[in-house]
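Okay, thanks for coming, everyone.

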Amino acid sequence: MIIGSLMSSSFLGAENLSNVFTRSAIIGIIAIGATFVITAGGLDLSVGSLSALVAGVAIMVMNQATGSFGTGWLLVAAGIVFSLLLGAVAGFFNGAMIVKGRVEAFIVTLGTMGVFRSVLTWLSDGGSISLDFSLRDAARPIYYGTIGGIAVPIFVFIAIAVIAEVVLRRTRFGRHVAAIGSNRYVALYSAIPVDRVRILTYVIQGLCVGIATVIYVPRLGAATPSTGMMWELEAIASVIIGGTALGGGFGRVWGTVVGVLILGFISNILNLTGFISPYLNGAVQGAIIVIAVLLQRDRSQG
């Protein structure tokens, strides 16, 4: 933040900071789900594609129901519930394929990443699926609304972070997640329901994707084949920067929150200053992942 304030006079402006925090909230919610998955020794590369699919299908369902159920908050609430259910089902499918099918998480989620985005591209016929204009006013406060001058997505992000921290640190489920990530076989011999816990981490990831998508849709009012592109990279980078062990066994929810904000501010500084092309943001994030993993390795060896 010090570097950003020195490089751009508008960096510390209220509007700019609000924009950074609001956008970071979307990635942050997904990254919190990824914290559970990675802490348990897993990986999910399909979150960006799943977000695109959830957005597209939810918009189609709400548009179809407009004539029967009106255009008010009731229909938007139904769309929110549908998005969460779809995200949870997709997460369960990923988890079941990995755990019961005994296939590596990288392979399964790489495959579903392609499947989810291809289905959305097919449904949209390569274009966009737009939310009916009659629904946009009702959905708009989800992203653009404020409470006490602070954007609604920021409050949702904070609430989910607090809940996730309590679950990961203070509950039996959280301890089981860390134990499985440390050594799955020792956890199994310790009477921990390893398969169930591993699947639940992917369900949590799917729910987080559903929540983030619900917040994102009112921003543009549409879903396209490029929706959620590279979100998996940002989410994983945030988790690793935050101190969660990539090999599993140790996770930090608040570290993930800080990691999300670090990436958000770096991207914002690059956009404001033009120091490098904004098209290289992905390269910067990729480099940060590599550096963070190298630092983790050196620390563990030390």
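Quick definition before we start: I call a residue buried under 20% relative accessible area, exposed over 50%, and partly exposed in between, with a 1.4 Å probe and protein chains only. Now, this is a predicted model, so local features need pLDDT of at least 70, side-chain atom pairs count only at pLDDT 80 or more, and totals for chains, interfaces and linings use all residues. Residues are numbered from 1 along each chain as its sequence is written, and side-chain values use heavy atoms, with hydrogens and water left out.

For a salt bridge, I want a side-chain nitrogen of Lys or Arg within 4 Å of a carboxyl oxygen of Asp or Glu. How many salt bridges does this rule give? Three.

Let's begin with E234 and R23, where the closest N and O atoms are 3.3 Å apart. E234 sits in helix α11 (231-241) and R23 in helix α2 (14-39), so this pair links parts 211 residues apart in sequence. Helices here are DSSP runs (H or I, at least four residues; strands are E, at least two), numbered from the N terminus. E234 is buried at 10%, while R23 is partly exposed at 35%.

Next up, D195 and K100, with 3.4 Å between the closest N and O atoms. D195 is in helix α10 (194-220) and K100 is in the loop between α4 and α5, so the pair ties together parts 95 residues apart in sequence. K100 is exposed at 57%, and D195 is partly exposed at 31%.

Finally, R169 and E165 meet at 3.7 Å, N to O. Both lie in helix α7, four residues apart, about one turn of the helix. Here E165 is buried at 18% and R169 partly exposed at 37%.
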